[in-house]
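Me: I have a structure to go through with you. Please take my questions one at a time.

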Amino acid sequence: MATKSGKLGVGIYGVGWAASQHIAAFQKNPHTEVTWLCGRDESRVSATLAKSDLHLPNARITTRFEDLLDAADVDIIDIATPNHLHAVEAVAAAQAGKHILLEKPTGLDEAELVAIRDAVRRAGVRTIVSFELRYNPFLRFARWLRSSGRLGEIR
């Protein structure tokens, strides 16, 4: 699979703040193209894109996760939905043969984590967990405050 441009097609599921950060990163990657956006309400998807100053004129918008699973121009599904949905959606994406970018938490208990692991292994797809705040300057500062002792004893 791949898009007409030869890039890996990305379907974004759940278009909120985290997904807007993911979209911006995918747009900087010369090997990916966001082809689909899926949210509960199409107007909210468009509003989130506008608020984040993201322009995806060629991406299709849908309210059905199944459209991403079935789309030939989606190689990667970015799951940024509410936490309790992550595991079942990741398993479905793997079963559809899609690679997965999964927002945290990946699963809410051991059974969900095992289900994701097993589905990914069976399908032979790749998965990665998102850490979009890892290099945020505020978090670096907070870590420095803690390690420098300026916050006192943390309990």
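Me: Which residue meets Arg155 in a salt bridge?
Reply: This is a predicted model: local features need pLDDT of at least 70, side-chain atom pairs count only at pLDDT 80 or more, and totals for chains, interfaces and linings use all residues. Residues are numbered from 1 along each chain as its sequence is written, and side-chain values use heavy atoms, with hydrogens and water left out. A salt bridge puts a side-chain nitrogen of Lys or Arg within 4 Å of a carboxyl oxygen of Asp or Glu. At 3.8 Å, N to O, the partner of Arg155 is Glu153.

Me: Is Glu153 buried or exposed?
Reply: Buried means under 20% relative accessible area, exposed over 50%, and partly exposed in between (1.4 Å probe, protein chains only). Glu153 has a relative accessible area of 65%. So Glu153 is exposed.

Me: Which residue meets Arg60 in a salt bridge?
Reply: Arg60 lies in strand E3 (residues 60–62), and its partner sits in the loop between H3 and E4, so the pair ties together parts that are 13 residues apart in sequence. Helices (H or I, at least four residues) and strands (E, at least two) are DSSP runs, numbered from the N terminus. The N to O distance is 2.0 Å, and the partner is Asp73.

Me: Is Asp73 buried or exposed?
Reply: Arg60 is partly exposed at 37%. Asp73 has a relative accessible area of 18%. So Asp73 is buried.

Me: How many salt bridges does a search of the whole structure find?
Reply: Glu103 and Lys104 meet in one, at 3.0 Å, N to O. Arg64, Glu66 and Asp67 are linked in a network. The search finds six.
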